[in-house]
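Dear colleague,

Please find below the structure I promised to pass on to you. My notes on it follow directly after.

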Amino acid sequence: MTWSWTRSWREEFKARKLTFRPYAPELLLHPQWHISPWLWLLYRFLMVCYTLGWCLYSGLLFSTPKWLIYISHLTYCMLGLYYLLALFNLAGAMLLVRRHSKNLATAARQGNNNREIRGTTGSLGPFPLPSPLIACLRIQWFLLTFVGTYSLTVSFLYWVAVYPVEDHKLSAFNVNMHVGNILQSLLDLSLSATPVHLAHYVHLLLSGCCYVAFAVLYWLAGFTNLSREPFIYKVLDFGSSPLSASLCILGFTLVCLPLFHFLLWNVYQLRRRLALGVRGQAWALRQGLWWWKVAQTEEPIPMSVTDTSTTSVSTSTSTSLFSSSSGMGHEEGVNQPLLVAAGSNRVTVAVYI
């Protein structure tokens, strides 16, 4: 399937794009490119150590809970939470898939014939992920969208509106919190197969409104920031400059957030373009092969695809998962996800690779 920016733009204005309900859960687990499962797991682990290490250092540096009143610091903590959740989700899914593949191999060695194996609805194709894992994947998806957009937004506002008017020393801490966060978010979005939807801006807007409400309540309660001033940021000084603070809030929620979310969406579209392009075909991940590496089976095992076009089992399916394109979901060019939520009403058809 060819890539088209205008087609992708039109696809974004659909109600199903508003939620964080993954059509193909594997998109939130595996990378976009040819990265081995264990190297991908190592990457997740190293990013957890790096990000949480900075969070721990920052907490010890300030030694006060007031460190968490700043949205840039909160965003970085959310980034650490994202990496931690992504690591546990990936490790859990890999363990489940490996155990399931071993069970299938054991059943095959015990003399199950092909017909019996084909009748197994829990094969390694639309593998029924447990509901708690699906819920965690939805949170992971939200966190990546959140930290990606907010890292760009708050870092831009910091260097433009906060740093010039407040006495902040340029240090490794400031650079990591307001530059490193952008690099980490863009790197993860570029490597992973996680999609970005424009409609998710609604959730980001609600999150921004929650922080604005917190800032107003913080000021009304008479609390002070780290410099003992009666506000969080000088640009949010509701006592001395209520009009200026209100305009800053409107600019943050209605201009900067949608603008940088649109930029993030275009980064995602660029990744899709590279994956679907002529050269990208050599770089992009073949998801069936990737999960077979996760299973670590010595012999080909029966795998399944999802047939969403009928309510009965079709016998004409002959698709090999090794020929799956670049690891994308329904709107990304793949009609048959490999992993589905437990209890899904999708019909499974077993095939061999």
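I begin with Ser 63, which sits in the loop that joins helix 2 (37-62) to helix 3 (71-109). In this predicted model, Ser 63 has a positive phi of about 50 degrees, although it is not a glycine. Most residues other than glycine have a negative phi. Ser 63 counts as exposed, because its relative accessibility is 60%.

A second residue of this kind is Arg 228, a residue other than glycine whose phi is positive, near 65 degrees. Arg 228 belongs to the loop between helix 7 and helix 8 (242-276). With a relative accessible area of 71%, Arg 228 is likewise exposed.

As to the overall arrangement, the protein chain contains 10 helices and 4 strands. Their order from the N terminus is α-α-α-α-β-α-α-α-α-α-α-β-β-β. Of the 353 residues in the protein chain, 49% are buried.

The packing of helix 5 (residues 131-162) against helix 7 (residues 201-220) may interest you. Their axes come within 10 Å and cross at roughly 65 degrees; helix 5 and helix 7 are therefore roughly perpendicular to each other. The crossing is right-handed. Helix 5 contributes Phe 142, Thr 145, Phe 146, Thr 149 and Tyr 150 to the contact, while helix 7 supplies His 203, Leu 204, Ser 207 and Gly 208. Sorted by class, this contact has 4 nonpolar and 5 polar residues, and no charged residues.

Helix 6 (residues 172-191) has a bend of about 40 degrees at Gly 180. Gly 180 is one of the buried residues of helix 6, which also include Phe 173, Met 177, Ile 182 and Leu 189.

Within helix 6 lies Asn 181. Is Asn 181 buried or exposed? Its relative accessible area is 0%, so Asn 181 is buried. Leaving aside residues up to four places away in sequence, Asn 181 touches Tyr 76, Leu 79, Ser 151, Ser 155 and Asn 176. Asn 181 and Gly 148 are 33 residues apart in sequence, and their C-alpha atoms are 8.5 Å apart in space.

With kind regards

How values were computed. Residues numbered from 1 in each chain as written. Predicted model: local features only at pLDDT ≥ 70, side-chain atom pairs only at ≥ 80, totals over all residues. Heavy atoms only, no water. Axes fitted to C-alpha atoms, helices over the stretch in contact; angles between N-to-C directions. Helix = DSSP H or I, 4+ residues; strand = E, 2+ residues; numbered from the N terminus. Parallel < 35°, antiparallel > 145°, perpendicular 65-115°, else oblique. Left-handed = near helix turned anticlockwise from the far one by under 90°. Contact = heavy atoms within 4.5 Å. Nonpolar A, V, L, I, M, F, W, Y, C, P; charged D, E, K, R; others polar. Bend = angle between axes of the 7 residues up to and from the residue. Buried < 20%, exposed > 50% of the residue type's maximum accessible area, 1.4 Å probe, protein only.
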